[in-house]
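Student: Hi, I have a model open and would like to talk it through. Can you help me find my way around?

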Amino acid sequence: MAYVKKSGSAADAEKIVALYTRVSTGYQIDKDSLPFQKKELSAYCKHILHAEKTELFEDAGKSGKNTDRPAFLRMMKKIRAGEISHVVVYKIDRISRNLVDFSVMYDEFKKYRVTFISLNEQFDTSSAIGEAVLKIILVFAELERKLTSERVIGVMIDRAMSGKWNGARMPFGWKWNPETEFPEHDPVELEKARTLYRVYDETHSTAKVRDYCYDNDIQTKRGGKWTTTTILNFLKNPMNKGDYRYNYRGSARGTKKPENEVVYLPGVFPPLVDPDLWDRVNAVIKENGAKSRTPQNAHIKKHVHVFTGGILKCSYCGASFQVSRLDKKRLNGFQPSLYVCTSRRTYRACDASGASDVIIGAFFFNYVRNLVQATKSRAKIGTPADLERILLSGDEFSRIRYIDPSDLDIIYQAIRGTIAPGSGVTYIPAPPDSDKKNAPELSGLRTEAARLSRALDRLKKAYLFDDDAMSEAEYLSTRSELTEQLTRINNKIADALTDESYSAAAELSFVNSASSFLLSYRLQGADHIVYSDFAASVDALVLKNFVNMIVDHITVKDGDPVEIVFKNGLRNRFIYQDESTV
């Protein structure tokens, strides 16, 4: 029997011995497995460990193949809190049958000085040999589980080969008959299911089938809304033409299995739709899929869309915008992305108009440019009205009547160095004298910033005037890396600046990122940014990374930006000529 050293410390005396039991099936629960385990563990703690404090952690009807078990998780929480000195089990596979999970668990045992004891194997983990034997046993425990799993899969495949149902969820148009223990047509959904095939046969478009479902209030099996993906999966299901396909994927949405492992039996079910209609529909689906993978469509997948990733929000429903397609390419090579409200595209639940890089990009980058200009001209800004004139300079803002007064006031105070309480802007200025403490750090940061600026300048000259210096791809990659480094340095400088003359840079720390970015990529001699030329000359991934670095989201209404919220919480709402509120 295992021998365990007992600590004499007062802290260890307060700890408890955890008794862990588990059974995986209802049969074991009904028999004496749990009572037997508890009896053996209690006796061991009483007569061998002489433990005064014990606690039982019991998982009934839980599998040992993973650690997602209520009592086990509760026990681990107490171990991490330092409340447990020992964990005692009847057999190792009661606590885990997965070697990877056990290794992670046992590492935590060692971290928190918990001794692990298994009665059946008669060893503990206080020695190196005990640890080694434990891992060897777990290897065979996991092997046994995998062999059992393979036997179960074999039985299921044999059942499928005989045309017997293996217990999957009923798809749309079908229901389970408990008397025959076999699927049958659902009279409530039958005609709707057939209609989906007919609509696709006429339109050759899953989007139009989705729209038809929305217009006619046809819901999915579980009461949800149809999407192009769920419609496609439904139309491609061979069960609807009466065929049984089993072992097709590793999991519900996993990778497809090799064809020789798939069980496919024709004519097992009464067809939900005419097999000729099913074949015709799936031939079109296959043809459409082949077209989408042609070389002339490949550029769409490789294209980088600057304002994706949840940046654009719909002012009507709050959903994000997603890419709908690419617009035609301009003469300078710029090809704008067109965006659409996800709720409109997926569910037709919103009437919002689309948006384009042409409008969003020109508006955003020129507004950021104007913010940079405002911080540089702070000495000339005496009132919020002065600030607003700078921020709204440019043709992109000609239809804007004004910036929301409360937002404008916060920007004004930031530039003046006095942020209003409760503004929501997360930056908090440091005490006025902290700039002296930061002087050595600032000096080093400024030196590094100057070095990076010189490196960027030399890089550009080398690329422009030395044909053998580097390729365009190498130049763009190196420039992007140096610019990102310079941006980080400038942000650190902004955080260190705290005297009044630089407080705006500290409050609007993202402006330093914008300033570095514009200095590195702005077209020479152009104060105003012509976005189509700007985007054509700068790597789209660089633009996208910059947007994601400083912007939380941009709200869009009828194709126009009506709000920009920056990462630091600064909010800018725009009131257009034809409206009074956003």
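Predicted model: local features only at pLDDT ≥ 70, side-chain atom pairs only at ≥ 80, totals over all residues.

Student: Great. How many helices and strands are in the chain?

Tutor: The chain has 23 helices and 17 strands.

Student: What share of the contacts comes from residues 24 or more positions apart?

Tutor: Among contacts with a separation of 6 or more, 63% are between residues 24 or more positions apart. A contact here is heavy atoms within 4.5 Å.

Student: Let's do helices. At what angle do H14 and H15 pack?

Tutor: Helix H14 (residues 357-376) packs on helix H15 (residues 384-391) at about 140°, and their axes are 8 Å apart. The axes are lines fitted to C-alpha atoms, for helices over the stretch in contact, and angles run from 0 to 180 degrees between N-to-C directions. H14 and H15 are therefore oblique to each other. As for the cut-offs, under 35 degrees is roughly parallel, over 145 roughly antiparallel, 65 to 115 roughly perpendicular, and the rest oblique.

Student: Which residues make that contact?

Tutor: On H14, they are Tyr-367, Asn-370, Leu-371, Gln-373 and Ala-374, and on H15 they are Leu-387, Ile-390 and Leu-391. By class, that gives six nonpolar, two polar and no charged residues. Nonpolar covers Ala, Val, Leu, Ile, Met, Phe, Trp, Tyr, Cys and Pro, charged covers Asp, Glu, Lys and Arg, and the others, Gly among them, are polar.

Student: How do the axes of H14 and H23 cross?

Tutor: The axes of H14 and helix H23 (residues 540-550) come within 13 Å and cross at roughly 60°. That makes H14 oblique to H23. Phe-364, Phe-365 and Val-368 of H14 meet Leu-543, Phe-546, Val-547 and Ile-550 of H23. That contact has seven nonpolar, no polar and no charged residues.

Student: I clicked on Asn-366. Is that one buried or exposed?

Tutor: Asn-366 lies in H14 and is buried, with a relative accessible area of 1%. Not counting residues up to four places away in sequence, Asn-366 touches Glu-396, Phe-397, His-528 and Ile-529.

Student: Switching to strands: how many residues of E16 are buried?

Tutor: Seven of the seven residues in strand E16 (residues 560-566) are buried. E16 pairs with strand E15 (residues 551-557) in the antiparallel sense over six bridges, and Val-556 stands opposite Pro-561 there. Two strands count as paired if DSSP finds at least two bridges between them.

Student: What about E16 and E17?

Tutor: E16 and strand E17 (residues 571-576) are also an antiparallel pair, over three bridges, with Glu-563 opposite Arg-573. Their hairpin has four residues between the strands, and Gly-569 in that hairpin takes a positive phi near 95°.

Student: Which residue takes a positive phi in the E15 and E16 hairpin?

Tutor: Asp-558, with a phi near 50° in a hairpin that has two residues between the strands. Asp-558 is not a glycine, and at 45% relative accessibility Asp-558 counts as partly exposed.

Student: Last one: where is Val-273?

Tutor: Val-273 sits in the loop between strand E9 (263-265) and helix H11 (275-292). Val-273 is buried, at 5% relative accessible area. Leaving aside neighbours within four places in sequence, Val-273 is in contact with Arg-194, Tyr-197, Asn-240, Lys-241 and Trp-278.

How values were computed:
Residues numbered from 1 in each chain as written. Heavy atoms only, no water. Buried < 20%, exposed > 50% of the residue type's maximum accessible area, 1.4 Å probe, protein only.
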